[in-house]
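The sequence and structure come first.

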Amino acid sequence: MSGVLKQGIENDRPKINAKTAIAKKVDSLLAIMTLEEKVGQMNLYNGFWDSTGPAPKEGNAKTKYEHLQKGWVGAMLNVRGVASVRKIQKIAVEETRLGIPLLFGYDVIHGYKTISPIPLAEAASWDMAAIEKSARVAAIEASAAGINWTFAPMVDISRDARWGRVMEGAGEDPYYGSHVAVARVQGFQGTDLTLPNTIAACAKHFAAYGFVEAGRDYNTVSIGNETLYNTVLPPFKAAVDSDIKTVMNAFNDLNGVTATGDQFLQRDVLKNAWGFNGFVVSDWASVTEIIYWGQAKDKAEAAVLAANAGCDMDMEGHVYIEQLANMIKADKVKEALLDDAVRRILTVKYELGLFDNPYRYCNEQLEKEQIGSVEHHAAALDMAKKSIVLLKNETKLLPLKKKGQKIALIGQLAADKNSPLGNWRLAADDDTAISVLEGLQNHTNSNSLTYTKGVDVFMGKTNFVTEVTVNETDATGIKDAVKAAKNADVVIMVLGEHGYQSGEARSRTELDLPGLQQEMLEAVYKVNKNIVLVLNNGRPLALPWAEKHIPTIVEAWQLGTQTGNAVAQVLYGDYNPSGKLPVTFPRSVGQVPLYYNYKMTGRSTNNEGNVFWSHYIDEKNTPLFPFGHGLSYTTFKYDNLTIDKKSVSVDDSIKVSVTLTNTGNYDGSEVAQLYIRDVVGSLVRPVKELKGFELVHLKKGESKTVQFTLGKKELGFYNNKGEYLVEPGDFEIMVGGSSETVLKSRFVLD
Ligand code: BGC
C-alpha cells in the first residue's frame, strides 16, 4: 500500500469506524424487527392532524395515528415546529414496541421562514460559497423547527422554460448543475450530520423529470442514453459523491418505465454502479401512480414493482404499508431486499444521531432564537443581490443617480409582498417579503419616487395549491401608468410572473409577460423611453420586443424575503450586479428547448444559400440572452489566453490561463467561463460544454490571471452504455464572460 493511500485511510479511520459501528447497531435492530415493523420503516406519512391537539377519532387521520402507535411509520412530512415534532416523536419513541425515532421531512427548498431567492435565481450567482451558505441558513432554521430532512436540492437539469419547475433547479447545464448540487448538499448536511443544525438532504427527482414532454409537468419522458448519461445523471452523481443521504425518485416515466418502478435507475445505476448507500424515497404517492400509468394493475403489483426496483420508502402512497408484508409472504419481493431498504433508512436515522437523542431537533429556545434571525436576513439579502442579472444597460440608465431624479415606479408586482417569496415558501408567512417599492423607499436618497400600480395583473389571493387568476381584459390601469411615466426622468417597471406561476404544476405554453403587462410596457415606452425593466420570473421569458426597445433590463427573479432591498441596492449601484444566466432565454416559445450546448447537425449553416438547413423560416436560431450572460456596471476584458501544452496525454492535464482586467469605472465581479469542444467524437459532441468557471472580484483597473485545469474529468463523456470515455483528438477551448465567448485556442489529446 502506498504511503499516500495509507495516510488517506488513516485519516478516514474515524469515519470508517463510525460507519462500522452504525452498521452493527442497524443489524442488531433489524434482527429483532417483525415484518410489519420493517415495512413500517418504509412508510412516510403526510402530517395528519393538528398535531398539538388531541388524537384524531376517525377516518384517515385515525388510521395514521394508530399506525404511528404500532411502529408502522418510519417518517413524517409536513409536521413542523418543535411542539408538533416533539409530540409525534414521543409516540414513536415511547409508545411503539421498539421506539425507533421518526424522520421529519419538509420541502425546505429556498429557505425555511427566511426565504432566499428561488433556486434558479441563486444559481445565477455562480457563487458556490453563497449558495452553500443559503442552504446552511435554511438547514439551521428548519432544524430549529424540528425538521431533520429536507426534500432538496432539486438537481433536475431542464432545457424547457415551459416547465414550471425550472425555478427549482440550477438551470440547463450538467457541469454547472453538479457544482450547485454539491454546494447545496454541503450546505444542508454540513460536515457533521449529528449536529443539531444539520439535516439530511435529498437529491430529486430521479431521473429525467426536467425532460417532461412539451414542458408539461408530470408528463412522459423519452430521451436517449446520450442525454441521460451526459446531461441528466451528472448532478445526481455529484450529489451521491458528496455523500447525500437520500434520493427521491420521480413522477415521470423514462422511456416507458415509471421512474418509481425503474430498477435500472434505482438499483443498477444509483445503488450498484454509484455505490449510493442512503435510501430512495418515492415522490408524493408516486408508487400509487404506477397504477395510473398503467404499469401495475393494482396496489399489490405497484408495491412489488417499486420495492423490487429499489424504492425504499413510500411517500403518502399507503401502498407499502397495505401491501408489502403480504407480497413478501407471497415471495413476490425477497425479504433480503426489504432488509436492504430498512437498513438504509435506519442507517440515516443513526447517522443523524436520532437514536442517541430523538429530540435532538426539538429545542424551543433555539427555535425562538434562530428562525428569522438578523443574520439570516443578512444572508438572504446577500444571496438576493448576488442573484440579480443585469441583462441590458445600453443607455447607462443604471446605476440610478443618488439625487435629483424623478422616478416613476410602475407595476403591481413592484408593491407585492407575497409574490417575491416565490413558490416553495411553505413555512413563510404571507406578505413578508420586502417589496421593491419598500426597498426603494428604505434606500436613503433624495430622489422623488412615485408609485403607480398601472394595470391589474393578478387578481385575488393565490396560494400553493391554487391557480393564479390573471386579468386579460381590463386595461384601465394603463392610462395611470402612462400619466406617471410622462413626468419622470426614469421609469422603473416591475413586470413578470407571479411567484405562483412557476413551480410544480405551473407549466406554461407562453413565455411572455402575463396579462396586459406587455401592452402597458409599450404604452409607457411611447411617452418615456428611459425605462428600467425589472423582471420577476421563475423561468426564462421570451421578450423580444423588450430586448429590442427597452434600454435597461434587470433580471430579478423572485428573490425572497429581502427582494426589495436587494433590488434597490443594485439599482442604486451600491451593489454592482454580477449574476449570469444559468439558463438560455429564448426569442420565442417555438425555439424551446433551446440551450447553449446543442449539437452540430449535418446542416447547421446555410452555406449553400438555399433553404435546406436546420433553421426556422420565421425566427433566428440564436437566443435572446445566452447562457452565462450577465453585465456589470463596469466592463471586463479578457486577453492572453494561453495553454501550457499544445498536446497532452490522456492521463495528464492541461492548464489554461487568461488575463482578466476590470476596464471600467467601478469595482466589480465577473464570472470567467471556460468551454471546450471535443471536435471529433465517437458520438456527436456538443458545440461547446462548460468545463470551468471562476467568480473573480476586481477593483477598477485591476487585472488577474485566471487559471483552469482540464483533465480526464473534464475532457471525456459517457457513451450509450454509460461507460466514460476520454477520446484522443482535437479540442477547442473558449474563454469569456458568457457562452458566447471571445477567446479561442486548441490542443490535441493523444
Ligand atoms: C414534489 C416533491 C416534493 C413532494 C413533497 C411532490 O409533489 O414533486 O418535489 O418534495 O411533493 O412535498
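1. Helices (H or I, at least four residues) and strands (E, at least two) are DSSP runs, numbered from the N terminus. Just after helix 21, Gly573 adopts a positive phi of about 80°.

2. This is a predicted model, in which local features need pLDDT of at least 70, side-chain atom pairs count only at pLDDT 80 or more, and totals for chains, interfaces and linings use all residues. Residues are numbered from 1 along each chain as its sequence is written, and side-chain values use heavy atoms, with hydrogens and water left out.

3. The protein chain is divided into domain 1 (388-591) and domain 2 (636-749), with bounds from an automatic or database domain assignment. Their C-alpha centres lie 35 Å apart. The area buried between the two domains is about 470 Å² (accessible area, 1.4 Å probe, lost on being put together, summed over both), and carbon and sulfur atoms give 50% of it. In domain 1, Asn576, Ser578 and Lys580 lose the most area to domain 2, together 81% of what that side buries.

4. Across this interface the rule finds 1 salt bridge (a side-chain nitrogen of Lys or Arg within 4 Å of a carboxyl oxygen of Asp or Glu). Lys580 forms a salt bridge with Glu670, with the closest N and O atoms 2.9 Å apart.
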